[in-house]
Amino acid sequence: MSDGPKICGACNKNIPNHWVVGLDKFWHQDCFCCGVCGRVVDAKETFYEKDGKPVCHRCQTKNFVEKCAVCEEPIIGTRLIYQDIHYHYTCKNCKKCGQPFKEEQHDKIKILENGDFVHEAC
């Protein structure tokens, strides 16, 4: 990044003072906005990048993260995946005993030919 004039990554205008640095660019504080919802992203909050623009955490999880096929909520972290369908562990129940699965049981989950999930011990 240069020591010369600072040009805003959003509006391409000169920034005389009080800038934000993000995505390897300088930004006016009011121009550093989520590329999805348009809300100003605070310099202290977590943000992501999409097409060279910041994306706030709420929009990232709402729009760009896989959703559980059962509850339709975003899945952050580990998940069950079968035929490119994603599930929270606790949303998918054993077809035989009805109990939800736990992450630590991952290696003990069987998937039957019909696509049903069962505990190995059931």
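Visitor: How many positive and negative side chains does the protein chain have, and how far apart do the centres of the two sets lie? Please then look closely at the salt bridge between Glu45 and Arg39.

Guide: This is a predicted model, in which local features need pLDDT of at least 70 and side-chain atom pairs count only at pLDDT 80 or more, whereas totals for chains, interfaces and linings use all residues. Residues are numbered from 1 along each chain as its sequence is written, and side-chain values use heavy atoms, without hydrogens or water.

The protein chain carries 17 positive and 17 negative side chains, with 4 Å between the centres of the two sets. Lys and Arg are counted as positive, Asp and Glu as negative, while His and the chain ends are left out; each charge is placed at NZ of Lys, CZ of Arg, CG of Asp or CD of Glu.

With a salt bridge defined as a side-chain nitrogen of Lys or Arg within 4 Å of a carboxyl oxygen of Asp or Glu, the count comes to one. It joins the side chains of Arg39 and Glu45, at 2.9 Å from N to O. Glu45 is partly exposed at 24% relative accessible area, and Arg39 is likewise partly exposed at 36%; the class lies between buried (under 20%) and exposed (over 50%), with a 1.4 Å probe and protein chains only.

Asp42 lies in the loop between β2 (25-28) and β3 (47-50). Strands here are DSSP runs of E of at least two residues, and helices are runs of H or I of at least four, both numbered from the N terminus. Asp42 is partly exposed as well, at 41% relative accessibility. Its C-alpha atom is 8.0 Å from that of Phe32, which is 10 residues away along the chain.

The C-alpha trace spans about 70 × 25 × 20 Å along its principal axes. Buried residues account for 27% of the 122 residues.

Strand β1 (residues 19-22) includes Trp19, which is partly exposed at 38%. Leaving aside neighbours within four places in sequence, Trp19 is in contact (heavy atoms within 4.5 Å) with Lys6, Phe26, Trp27 and Gln29. Asp107, by comparison, is 88 residues from Trp19 in sequence and 50 Å from it in space, C-alpha to C-alpha.
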